[in-house]
Amino acid sequence: MAYDAMNDVGDDALMVLYANGDQDAARSLTYRHAPRVLALSRRLLADRAEAEDVAQDAMLRLWKIAPKWRQGEAKVSTWLYRVASNLCIDRLRKKKGTNLDDIPEPADDKPSVEAWMLTKDRATALQAAMAQLPVRQRLAVTLRHIEELNNPQIAEIMEISIEAVESLTARGKRTLVGLLLGQKEKLGLE
Amino acid sequence: MENKPETNLDMELAAFFDAAKDTPPALDTDFLEAVAADALGQTEDRIKTDRKPQVSGYPLVRLLRNIGGWQSVAAMTACACIGIFAGYTAPNSLDYFSNTEQAAETLNDDSFSVASDIETLFQEG
């Protein structure tokens, strides 16, 4: 059975199937969640190889916990985001500061047109500005405005109150506006 | 800038966030295959662990584990001690624990006399 044949199957059911040895369920969970975990990790770590390590580690932890997974207690996506966030924060604390020169260009797998280049430049500028935010602000802003999660979900992932999430995102955005202000004209925004 | 309402901040950053959403990290098939391979590896490990005999270690340790651990050994030792004590002690001294003799005397005196009275009543009609 192809992994996309399980598109209609919920995450909890896939976890049960995988725990019973169904590898198609594992592939389905992989294709459903690993790209999002990888995207979050890349935005937080700004390093492709490290992000892949973190995402793979988070997914491995999911496979390990599958036999003990309690249905209905936590969403797989929320659990994965939490694990990946914590792994990223650990790595960032060990590194203590990201070199802006190391920030990779965003993916380059789409047609190269002028508008696309502008979009890419904006994404790169945002990535560079985000790298200057404290890690928890970076995480909150990424989850809220790029991954488009709501505040209660973010609060659950970060294990903080909703008010704390609002405060983190507001402070993060204020800093970002300040950092990106001078580049708006160059990026076609004025 | 510090007092800007959040909606203004959102508007100022909207184009940047949109750009970030439009440029997700390239999806690497090798990465996804590696994740799926981990899943298979975990399944295989789990099967191996399930097949492994659960008891390991020295024979005496395994024996103790099989009969219920130190708790059951302690209980059996206590029972054995009581058994040895009962075996070596003179039978009369055990009356202290059972009071059987006294109970028997009570039965002889009272219960059987009542029973004989009832029998006499039946016989007399």
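This is a predicted model: local features need pLDDT of at least 70, side-chain atom pairs count only at pLDDT 80 or more; totals for chains, interfaces and linings use all residues.
**Entry 1: A:Ala84.** Setting aside its neighbours within four places in sequence, I found A:Ala84 in contact with A:Val37, A:Leu40, A:Ser41, A:Val54, A:Ala55 and A:Ala58. I took contact to mean that the C-beta atoms, placed from the backbone, lie within 7 Å.

**Entry 2: the nonpolar core.** I next asked which residues touch the most other members of the largest nonpolar core. They are A:Val37, A:Ala55, A:Ala58 and A:Ala84, in a core of 62 residues. I noted that α2(A) gives the most to this core, with ten residues. Domain 1 (1–99) and domain 2 (105–190) of chain A each supply at least three residues to this core. I recalled that nonpolar side chains tend to be buried together in soluble globular proteins.

**Entry 3: α6(A) and α7(A).** I then looked up how helix α7 (residues 151–158) of chain A packs with α6(A): the angle is about 140 degrees, and the axes are 10 Å apart. I recorded the crossing of α6(A) and α7(A) as right-handed. From α6(A), A:Leu139, A:Ala140, A:Leu143 and A:Arg144 meet A:Ile154, A:Ile157 and A:Met158 of α7(A). I sorted the residues of this contact into six nonpolar, no polar and one charged.

**Entry 4: chain A against chain B.** How many residues does each chain bring to the contact? I found 38 residues from chain A and 29 residues from chain B. On the side of chain A that touches chain B, the elements giving two or more residues are α2 (23–45), α3 (48–65), α5 (114–130), α6 (135–146) and α8 (162–180). Here α2(A) gives the most, with ten residues. I divided the residues of this side of chain A into 22 nonpolar, seven polar and nine charged.

Key. Residues are numbered from 1 along each chain as its sequence is written. Chains are lettered from A and ligands numbered from 1 in the order in which they are written. Two residues are in contact if their C-beta atoms, placed from the backbone, lie within 7 Å. Helices (H or I, at least four residues) and strands (E, at least two) are DSSP runs, numbered from the N terminus. Ala, Val, Leu, Ile, Met, Phe, Trp, Tyr, Cys and Pro count as nonpolar, Asp, Glu, Lys and Arg as charged, and the others, Gly among them, as polar. Axes are lines fitted to C-alpha atoms, for helices over the stretch in contact, and angles run from 0 to 180 degrees between N-to-C directions. A crossing is left-handed if the near helix is turned anticlockwise from the far one by less than a right angle, and right-handed if clockwise. A nonpolar core is a set of buried Ala, Val, Leu, Ile, Met, Phe, Trp, Tyr and Cys residues joined through C-beta atoms within 7 Å. A residue is buried if 20 or more other C-beta atoms lie within 10 Å of its own, exposed if 12 or fewer, and partly exposed in between; C-beta atoms are placed from the backbone. Domain bounds come from an automatic or database domain assignment.
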